[in-house]
Amino acid sequence: MAQAKIQAKMNDAMGSKFSRTLSMADRSGQLLESLDQLEMRVEALRETASAMEQERELILETIQSIQNGQELRNVSQGEREELSLTANRLMGRALCVEVSVGTIRNSQQEEALRNATSLIDEIVKKLLDDMNSGRERLLAVYAACVTEASPVPIDQKFQALVISCALEDQKKIKRRLETLVRNVENAGKNIKIMDHQKLQDPQANGCQ
């Protein structure tokens, strides 16, 4: 009888432990499901923020285009002053919007991004000093970022740098170069201002 009671207690203990194990597995499954849902939300958040980054760049470029466009020169001085004030106000407010999507990089990707950014900065400076020579250099590095056949020689060194960058950085580099190419083709001046990724701190422009 005593042995039967002991066996019964052992069975109860094992049953309790087994039930506890199932409960822990259920909780683990619920946590995993929650994390899966959060991962989708995080990716959606990053995509939304990235779209906002691009929208900001497009707005700044459009305002700059209006400020330097021929249409503004074809209105009266009073109207031009009023329109310029409005454009400046919008530019200041847009610059006060800060949207940033960080990218996780290894040391090699960090170095590649640093070198690629430095090279583009040098091209921007060259555009200000010698538009024709700078334009040729710009088109050569831009050709390294597109898959279509290019009418100009590809900068192989720059292409290797871009390939070594993180995928998100590759997209941003291409987008920055596309903006510069458009600015050179359309305006041919004020490159530094229109290179929005190199703009000064938005606070320095005054939020309104």
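## Close-up views of a predicted model

**View 1. Leu177 sits in helix α7.** Leu177 belongs to helix α7, which spans residues 167-186; helices here are DSSP runs (H or I, at least four residues), numbered from the N terminus. This is a predicted model, in which local features need pLDDT of at least 70 and side-chain atom pairs count only at pLDDT 80 or more, while totals for chains, interfaces and linings use all residues. Residues are numbered from 1 along each chain as its sequence is written, and side-chain values use heavy atoms, leaving out hydrogens and water. Is Leu177 buried or exposed? Leu177 counts as buried because its relative accessibility is 0%; buried means under 20% relative accessible area, exposed over 50%, and partly exposed in between (1.4 Å probe, protein chains only). Not counting residues up to four places away in sequence, Leu177 touches Ile120, Leu138, Val141, Tyr142, Cys145 and Phe158, where contact means heavy atoms within 4.5 Å.

**View 2. Leu177 is part of the largest nonpolar core.** In soluble globular proteins, nonpolar side chains tend to be buried together. The largest nonpolar core here has 22 residues, and those with the most contacts inside it are Leu138, Val141, Phe158, Ile173 and Leu177. Such a core is a set of buried Ala, Val, Leu, Ile, Met, Phe, Trp, Tyr and Cys residues joined through side-chain atoms within 4.5 Å. Two or more residues come from each of α4, α5 (131-143), α6 (156-164) and α7, and α4 gives the most, with 8 residues. Look at Val141 too: leaving aside residues up to four places away in sequence, Val141 touches Leu119, Ile123, Asp155, Phe158 and Leu177.

View 3. Side chains of opposite charge can pair when their charged atoms come close. How many salt bridges does the structure hold? The structure holds 9 salt bridges, each a side-chain nitrogen of Lys or Arg within 4 Å of a carboxyl oxygen of Asp or Glu. Lys172 forms one with Glu53, with their closest N and O atoms 3.9 Å apart. This pair links distant parts of the chain, with Lys172 in helix α7 and Glu53 in helix α1 (residues 2-68), 119 residues apart. Glu53 is buried, at a relative accessible area of 11%. In another salt bridge, the side chains of Glu57 and Arg175 meet at 3.2 Å, N to O. Glu57 in helix α1 and Arg175 in helix α7 are 118 residues apart, so this pair too links distant parts of the chain. Both Glu57 and Arg175 are buried.

**View 4. Arg114 and Glu111 pair within helix α4.** The closest N and O atoms of this salt bridge are 2.5 Å apart. Because Arg114 and Glu111 are 3 residues apart in helix α4 (residues 107-129), about one helical turn separates them. Arg114 is partly exposed, with a relative accessible area of 47%, and Glu111 also counts as partly exposed, at 38%.
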